[in-house]
Each structure stands twice: as C-alpha cells, then as structure tokens.
Amino acid sequence: MNGAVFALALPRLAGAVPLTVVPPRLATANASIARFLIQAGAIREGDVPEKWDDAIEVCQGALDAWLKRELGPLHCLEPVFTLTASSGSDGSSMPRKGACDPASIRYSSVELVWYENNLQQWPVGAALEALERAFPGLGQAALDILRRQSRFVYPLFTPDLACDVASYVYWCGEDDEEAALDMEAGDDVEAREAMRDEMVTRRKLDEAFPAWSTAIPTKQSKSLPLAAIERLSGNLHDSVMRDIAANALGLARMRIKDAFSPAVEGEFLGWGAVLSWREDDLTVRVYDDLVQLAYQSEFCDRIGEIDMALDAPQAMCSWQRAMRQRFKAIRLIDRLIHLLAGGNWQ
C-alpha cells in the first residue's frame with residue numbers, strides 16, 4: 001500500500017523554480033517597466049510578491065495597491081486603472097507573453113488608462129427636489145456643481161445631457177421631433193402620431209424634468225452663491241442635507257484643470273455614472289439609445305489617459321501628484337451621489 005502511494009506521488013518543484021518560463025529578452029523588457037515604477041516611487045516593497053513571473057502583472061498589482069491607498073473606499077463609483085507597455089515604434093501596445101517574437105520586444109513607454117468599471121444609474125431627482133423645497137436654488141446648485149466639476153475628472157451623464165443628446169439621436173439635430181417626423185412620415189397624420197407616441201419627444205423631455213434641472217446657469221441666471229451654500233451647510237435642520245451642502249461646497253471650491261482627457265474618436269462614452277431623475281426615466285432611455293448608436297461606429301469609453309516614456313520616471317511622479325487632487329474630487333463626487341441616491345426622500 002505504501003509503495004503504491006509512493007509510486008503515484010507527484011514531483012514537487014523547489015520554490016525558486018518559476019511557474020512559467022519567460023524568454024530573457026521579454027523578461028528584460030518587462031523588468032524595464034518595473035524599474036520605471038520603482039524609480040518613480042510608485043511601488044512599495046510590500047506591493048511586490050516574493051515570487052512572480054510577469055513583471056507587468058506585478059506592476060499592475062502595485063499600481064492597484066497605490067490606487068486603493070489614495071482613493072480609499074467608494075460607495076458608487078468603481079474606477080479602474082490599467083497599465084500597458086508600448087513598443088513606441090508605431091504606438092501599438094505590446095502583449096505580455098507569447099504573441100510575438102520575444103527577441104524583438106523592447107518597450108519604450110507605458111500608457112495609463114482609466115475608466116469606470118461598473119457604470120450604474122443613480123436616481124437623484126427626489127433628493128434634489130427636496131433640497132429645492134428646503135431652500136430654493138440649493139437643488140439646482142448641487143446638480144450644477146456635480147455636472148460642472150465632474151466634467152474634467154469623472155464625467156457624469158445628467159438630465160441636461162439627455163436633452164442635448166436627444167437632439168441628434170432622435171431629432172436630426174433640431175430642437176424638437178418635427179423634422180424627424182417630416183422625414184419619416186411626411187404628411188401622414190396617423191403615422192406621425194404613431195411615431196410621436198413611440199419616440200422621445202420634446203414634450204416628454206420637458207415633462208420628465210423640472211426646468212431648473214436642465215437649465216445651465218449663465219451670467220444672467222447664476223447658480224446659488226457659494227457663500228449661501230456655506231451658510232446652509234451649517235443651518236439646515238436635516239443632517240443629510242447639511243452633508244450634501246458641505247460636500248457640494250468642498251467640490252465647488254476645487255480647481256480642476258482639463259488634463260489627461262482621452263483623444264476622442266467618435267462618440268464619447270466615458271461616463272462615470274448616469275444620474276437619472278427617477279428609476280428608468282428618459283435619462284436612461286436616451287443614454288441606452290446613445291450607446292447603441294455609438295457601438296455602430298467609433299467611440300471612446302475612457303475617462304482619462306496618459307503616455308509616459310520609460311526614460312522619464314519623473315512623468316509618473318508628476319502624474320501621481322496631479323491625481324491626488326483628482327482623487328479628492330472623485331471621493332466628493334462619489335459621496336454626493338451616495339447621499340442624493342441613498343436617502344428616503346419625500
């Protein structure tokens with residue numbers, strides 16, 4: 001019996017033996033990525049496992065660990081950052097293993113790309129209307145701050161965008177559906193009415209949202225001043241409303257520059273969240289139709305991107321410094337969405 005067990009025993013590899021064999025040239029190329037991140041200070045000792053075979057996988061893990069430390073826990077948003085090596089000869093990304101001749105691999109740059117991993121709908125209309133009832137202009141100000149400050153850091157699809165998108169998705173670029181009806185149904189009254197019942201119309205959009213929710217503040221009709229929001233953040237009776245006002249104020253005071261925006265070819269779909277007014281309202285329908293249209297041609301679903309040469313680790317340091325401010329904004333955006341969508345608003 002013991003002999004049979006011995007005969008069937010599988011050999012064991014020493015811990016020093018790698019799990020996979022990586023060609024020397026590929027290992028050297030991968031190590032250049034690790035060296036770049038180490039020189040940039042992006043990797044901590046604890047981020048690197050004791051045993052590993054693929055340096056790029058280790059670097060991605062180290063980047064994820066840094067992001068978790070910097071961003072902290074989030075309620076509604078799930079940003080993902082990916083690191084890809086590039087040969088630099090034609091800007092194309094290079095595979096990690098096996099897809100090309102290892103002897104020809106030589107990385108010259110890395111590309112960092114980030115996007116939302118789990119795009120979701122968050123109904124915020126009831127909360128914003130409650131804020132408006134508590135103090136006229138507060139709901140509009142909170143929505144405008146979210147819309148404006150998220151634009152360059154974590155864009156949100158909001159009701160005003162749904163109204164803009166409807167123009168070219170349904171109405172041939174016009175302000176209402178009449179031109180589209182002329183094109184499809186002509187003078188056939190019954191056909192026009194049947195189409196009008198099925199499609200998103202100007203009237204349906206106007207009825208779906210309060211006028212203030214889709215109106216962009218101008219110099220003539222300014223949003224609620226920040227000084228007023230600051231007073232409200234301490235004086236509102238409802239603690240959740242006070243928290244919303246305080247977080248909106250913090251977000252509004254941030255200076256967020258237009259940096260790391262992706263090179264958009266085709267329709268932009270890099271939204272971090274869909275802020276609908278109600279469950280399954282027209283915001284969601286317009287967004288879904290936009291996505292279906294975009295998938296038929298070119299589109300961009302990235303929130304941000306940056307290319308960095310491997311001989312310039314200081315570029316990684318600069319990116320990390322710049323992202324800390326943006327991470328603070330993402331936390332505030334996430335907190336505001338969580339507060340607006342999570343309450344039992346009457």
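Trainee: What does the secondary structure of the protein chain come to?

Mentor: The protein chain has 14 helices and eight strands; these are DSSP runs numbered from the N terminus, helices being H or I with at least four residues and strands E with at least two. This is a predicted model, where local features need pLDDT of at least 70, side-chain atom pairs count only at pLDDT 80 or more, and totals for chains, interfaces and linings use all residues. Residues are numbered from 1 along each chain as its sequence is written, and side-chain values use heavy atoms, with hydrogens and water left out.

Trainee: How much of the chain is buried?

Mentor: Of the 346 residues, 44% are buried, meaning under 20% relative accessible area, with exposed over 50% and partly exposed in between (1.4 Å probe, protein chains only).

Trainee: Take helix 12. Which of its residues are buried?

Mentor: Met-241, Ile-244, Ala-245, Asn-247, Ala-248, Leu-249, Leu-251 and Ala-252. They pack against helix 4 (125–134), helix 5 (138–150), helix 11 and helix 14 (313–342); contact means heavy atoms within 4.5 Å.

Trainee: What caps the N-terminal end of helix 12?

Mentor: Asp-238 does, with a side-chain oxygen 2.9 Å from the backbone nitrogen of Val-240.

Trainee: How do helix 11 and helix 12 pack?

Mentor: Helix 11 (residues 226–235) and helix 12 (residues 239–252) make an angle of about 145°, with axes 7 Å apart. Axes are lines fitted to C-alpha atoms, for helices over the stretch in contact, and angles run from 0 to 180 degrees between N-to-C directions.

Trainee: Which residues make that contact?

Mentor: From helix 11, Leu-226, Ile-229, Glu-230, Leu-232, Ser-233, Gly-234 and Asn-235; from helix 12, Arg-242, Ala-245, Ala-246, Leu-249 and Ala-252.

Trainee: And helix 5 against helix 12, at what angle do they cross?

Mentor: Roughly 35°, and their axes come within 10 Å. Ile-145, Leu-146 and Gln-149 of helix 5 meet Ala-248, Leu-251 and Ala-252 of helix 12. By class that is five nonpolar, one polar and no charged residues, where Ala, Val, Leu, Ile, Met, Phe, Trp, Tyr, Cys and Pro count as nonpolar, Asp, Glu, Lys and Arg as charged, and the others, Gly among them, as polar.

Trainee: What is Asp-144 in contact with?

Mentor: Pro-217 and Ser-223, leaving aside neighbours within four places in sequence.

Definitions and conventions: A polar contact is a pair of N or O atoms within 3.5 Å; within protein, one must be able to donate a hydrogen and the other to accept it, and residues adjacent in sequence count only if both atoms are side-chain atoms.
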